[in-house]
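Dear colleague,

Please find below the structure that I am handing over to you.

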Amino acid sequence: MKLTLLGGGGFRVPLMFRTLLADQSDRRVTELRLWDTDAGRLAVIRSILQAMAQGHPRAPEVRVAQNLEEAVAGTDFVFSAIRVGGTEGRATEETIAHCCGVLGQETTGFGGLDYALRGIPTAVRIAETIARLAPGAHLINFTNPAGIITEVSSRILGDRVIGICDSPVGLARRVLDTLEGAGLVATGTASRVIAGDDRVRLDYVGLNHLGWLQRLLVDGDDVLPLLLERPDLIESFEEGRLFGAGWLRQLGSVPNEYLHYYYFARETRRADEAVEATRGVFLAAQQRDFYARAATLPGPEAYALWEATRLRREETYMASNRLAAGGVERDAADLASGGYDRVALAVMKAIAFDETTDLIVNLRNGDRLPQLPRDAVIEAPCRIGAAGPAPLPVSPLPEHAIGLVQSVKYAERTTIRAALEGSLDLAVAAFAHHPLIDGVGVARELLDRARAEFPELGYLS
């Protein structure tokens, strides 16, 4: 089976390769194609993958493609994990956000919408290339903001594009780990979340980075109330510490961690402004240092450096939110990372070999959320098999969530229109309607500053 990874010089590529190496079955990936616009970063990652493959005689053959067309032609699956403008672009967006007094985050609010405006033209090119050169291939999208990029790609590829995110799976695992530790569910229940075991079902719905776990069914019984009735259990895992037991009990559900940006916007903004460097600025500096040093090292030493760098990267994930919540530390299990790579491999195997599995993915709505258009991409459970993804039923959005989801989705779809039509006025409208951007004036200022910094936005007029 042939797999293409776009953004093959990206820092998290070894995570995916690690998962591929663990698969020793006859249904494993035999060829991995890498493509990236940065040849230097790609060379570093290829060296690391070669080191990782030592001692694995059945490791996938790694090939470097010279262009997008070569990478895609005749492949079975395409994983897209690109970042137009690189990590430096994220750092710049965070600086702009702070200058304008709004939250700076790569997938939420200004950062997410601006990131989308920069990335949509490339996403369209990728989808059109797949449609032309790999008409039977599925696109599995990692590229952020995942909901927007998946939605614009689906206008070309339909349900052959599936957006994935490991946040919902990580949330469910943490809840089940907590219940296991309290003896309220059987040991090993948490491990079923990505194992294709339908005895565990996640009733989760919303948008990417904007969803709620409303029920958690184990052998048909909803175990979420067992958590919500115990404040001590709620505040023993990351989301519980972030939001607080009182707020989760008020909601009657467990929100995705990214909803902290909405529920505690002011506190998070203050914390973000208080840190020495924002997450994006930190990562940009870390990435520059890593790739420069790794380029001078033999593969095994570069791999060791990558692992040490990855651990530090995970330790600083959502650091401002945890600071705003009183200094919440990350759980050791979450520092292991990985998750999105296992979800992606599960999706791929389900389609290629009809290994039916239920997963939370980003896919077109259909009739699941009547408050949104049918072709709007949402994040919710699907049953995935040889025929592709089939939406599973979900509980209705809670009343408190309907307006927020509609507002954010309107901003996302208006961003897509702005990009496809090259309209600056629509881009202003998209920004101004987002709940985390407080007005038309600041929307215009944000866009003016972004257009001055990013030549990729020159198509807007």
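**Aromatic residues**

Phe11, Phe290, Tyr291, Tyr303 and Trp306 form one aromatic cluster. Here, rings of Phe, Tyr and Trp (its six-membered ring) pair if their centres lie within 6.5 Å; planes under 30 degrees apart count as stacked, over 60 as edge-to-face and the rest as tilted.

Please note that this is a predicted model, in which local features need pLDDT of at least 70 and side-chain atom pairs count only at pLDDT 80 or more, while totals for chains, interfaces and linings use all residues. Residues are numbered from 1 along each chain as its sequence is written, and side-chain values use heavy atoms, with hydrogens and water left out.

The structure holds ten aromatic pairs. One of them is formed by Phe11 and Phe290, edge-to-face, at 5.2 Å centre to centre and with 85 degrees between the planes. This pair links distant parts of the chain, 279 residues apart: Phe11 is in the loop between strand E1 (2-6) and helix H1 (13-22), and Phe290 is in helix H14 (residues 279-294). Helices (H or I, at least four residues) and strands (E, at least two) are DSSP runs, numbered from the N terminus. Phe11 is buried, at a relative accessible area of 4%, and Phe290 is buried at 1%; buried means under 20% relative accessible area, exposed over 50% and partly exposed in between (1.4 Å probe, protein chains only).

Phe110 and Phe431 also form an edge-to-face pair, because their ring centres are 5.7 Å apart and their planes stand at 80 degrees. Phe110 lies in helix H5 and Phe431 in helix H19 (residues 424-433), so the pair ties together parts that are 321 residues apart in sequence. Phe110 is buried, with a relative accessible area of 1%, and Phe431 counts as buried at 0%.

**Helix H5**

H5 bends by about 45 degrees at Gly119, and a proline, Pro121, follows within four residues. The bend is the angle between axes fitted to the seven residues ending at a residue and the seven starting there.

**The protein as a whole**

The secondary structure comes to 20 helices and 13 strands. Of the 461 residues of the protein, 59% count as buried. Along its principal axes, the C-alpha trace spans about 55 × 50 × 45 Å.

Yours sincerely
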